[in-house]
Structure formats: structure tokens, C-alpha cells
Amino acid sequence: MTDSIRLVKRVADAIPCSRREAEQYIEGGWITIDGVVVEKPGHRVSPQQTIVLSPDATLVAVDPVTILFHKPAGMDMDAALQSIAADNLYADDRSGIRFLKKHTTALKATDALETYASGLVVFTQDWHVARKLVDDAATVEQEYIAEVSGDLIEGGLALLNHGLNFNNRPLPPIKVSWQNETRLRFALKAGRRGQIAHMCEAVGLKLINLKRIRIARIPMASLPSGEWRYLKGYERF
């Protein structure tokens, strides 16, 4: 486009408004080019293209978001982060938040999950959430379901609750109970990668599958594998 100009200039001239306000409209997802939302102020547009400002447009800054993702087994954390997109947003998301590409930038994983494991992963742009789940991780309880095989040694359940070591250090008390004949429920704080597999092995069991189903007060609930939703405004970890 030899006669094209940057979208931010076109919007500023058309509304009219300041360049900064034009950037806010664009980054807020309020501008369409020929019916398609464009969120990049530097996008080049031609005079023939139609620029429209949504009637609902506001200059209120885009708030940081927190995303809850159901990571499938076999997916590493980098791939999990890259998979956050509009097409796998949970259809029953009830946050009321409009999806913006800006929501997928500067996301931070609050706690890694082993590649072989599945379940709840939290990505956030909100420093309040990061402080709670990262800086204060030692106080945050997480719940897992571990599918196991093998024969539990005598006194093994008691050892799982308290009495085992990991990386040559004694583990603090942990709440472990049978969910059924092949599944154990673990509720622990400040868990480390590989810890549950090691604990199972120490009492004669082999870990087959591991799923994280809760972080603090937020359960994974019915969120389908490979999909994500926004943390709702009233939800607190």
C-alpha cells in the first residue's frame, strides 16, 4: 500500500481524538477495518478501507486478566501458554470479558505442571494473583488425583501423609487419602515437580496418571481438556 497510513493516525483523524486515545481505542478492540477487529496501532490501512469505532467504545484501560487452562497430559508449559487463543476459549465462559489478543501477552505461569500431568494451570497478568500464587506459594494448597498401580506397602498411607523425604529433605505433613481402589487424592502446599511420583514409588506404587484439580479455592470443575476460561471478577484464590 503505497498510499497507506498507520491505523492510529487514521483513527485519530477520523474521530477526531489524540494519538494516545486512538491507541487506547485500537488496543481495546474497539476498531474494525472492513468489519474485522484490529488491535495493532501500527497496522497500515489504505484510504479505501472502512474504519469503524464501536458504539460501545470506551477509553477505560484494559484490565490485566487471569486465565485458567486445563492442560492436557503430554503438553509442556511453553506449548500450554502458546495455545491460549480465541478458538479454544471455553464456550461457557461467564466472565463477561471480551477476548483481546492483548490478553495473551505478558502472561506468567504461576506454577508449572509436569509435562506428563494434566489439569489446572493458571496464567496471569495480574500482580496481585502472582503475589498470592507465586510469592506466597507455601501457603497455597493444591489438590491432585493420582492414578496408581502396584501394592501399597504396610503403613504406606501413613507414610504418604507424613514421614517421607524428597531430594534428601523431609516432607511436611500432607493430606493423602484413597478416592477409590486405584486413585489417591493428594492435598499439599509448596509441592515440587516430581514429588508425587517419588512419594508413590517410595510406598510401592507406580504413578500412572496425575491430574491437578484445584489451586487454593479455585477448582478446575467442568473445564474441558485443552480449553481455558477467564477468572471471574468475584473469584478469589
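Residues are numbered from 1 along each chain as its sequence is written, and side-chain values use heavy atoms, with hydrogens and water left out. Because the model is predicted, local features need pLDDT of at least 70 and side-chain atom pairs count only at pLDDT 80 or more, whereas totals for chains, interfaces and linings use all residues.

## Pockets

A pocket is an open set of points on a 1 Å grid over the protein atoms alone, where a 1.4 Å probe fits, with protein on both sides within 12 Å along at least five of seven lines; lining residues have an atom within 4 Å of a point. Grid points are joined across faces, edges and corners, and a volume is the space filled by probe spheres set on the points. In the classes used below, Ala, Val, Leu, Ile, Met, Phe, Trp, Tyr, Cys and Pro count as nonpolar, Asp, Glu, Lys and Arg as charged, and the others, Gly among them, as polar.

| Pocket | Volume |
|---|---|
| Largest pocket | about 590 Å³ |
| Second largest pocket | about 180 Å³ |

The largest pocket is lined by 26 residues, and those closest to its centre are Asp63, Pro64, Val65, Ile97 and Leu231. Its lining has eleven nonpolar, eight polar and seven charged residues, and the largest share, three residues, comes from helix H4 (residues 127-135); helices (H or I, at least four residues) and strands (E, at least two) are DSSP runs numbered from the N terminus.

Around the second largest pocket there are 13 lining residues, with Ile145, Arg183, Asn209, Leu210 and Lys211 nearest its centre. Strand E14 (205-215) and strand E9 (141-150) each supply at least two of the lining residues, and E14 gives the most, with four. By class, this lining has seven nonpolar, three polar and three charged residues.

## Nonpolar core

A nonpolar core is a set of buried Ala, Val, Leu, Ile, Met, Phe, Trp, Tyr and Cys residues joined through side-chain atoms within 4.5 Å, where buried means under 20% relative accessible area, exposed over 50%, and partly exposed in between (1.4 Å probe, protein chains only). The largest such core has 32 residues, of which Ile67, Phe123, Leu160, Phe186 and Ile196 touch the most other members. Among the elements that each supply at least two residues of this core are E6, E9, E14 and strand E8 (118-124). Phe186 is in contact (heavy atoms within 4.5 Å) with residues including Tyr144, Leu160, Ile196 and Met199, leaving aside neighbours within four places in sequence.

## Individual residues

Thr66 is placed in strand E6 (residues 66-71) and is buried, with a relative accessible area of 6%. Its side chain is joined to that of Thr124 by a polar contact of 2.7 Å; a polar contact is a pair of N or O atoms within 3.5 Å, of which, within protein, one must be able to donate a hydrogen and the other to accept it, and residues adjacent in sequence count only if both atoms are side-chain atoms.

Glu141, in strand E9, is likewise buried, at a relative accessible area of 16%. The side chain of Glu141 makes polar contacts with the side chains of Lys175 (3.0 Å) and Arg214 (2.7 Å).

Phe99 lies in the loop between H3 and strand E7 (108-109) and is partly exposed, with a relative accessible area of 26%. Leaving aside neighbours within four places in sequence, Phe99 is in contact with Ala85, Ala86, Thr104, Trp228 and Tyr230.
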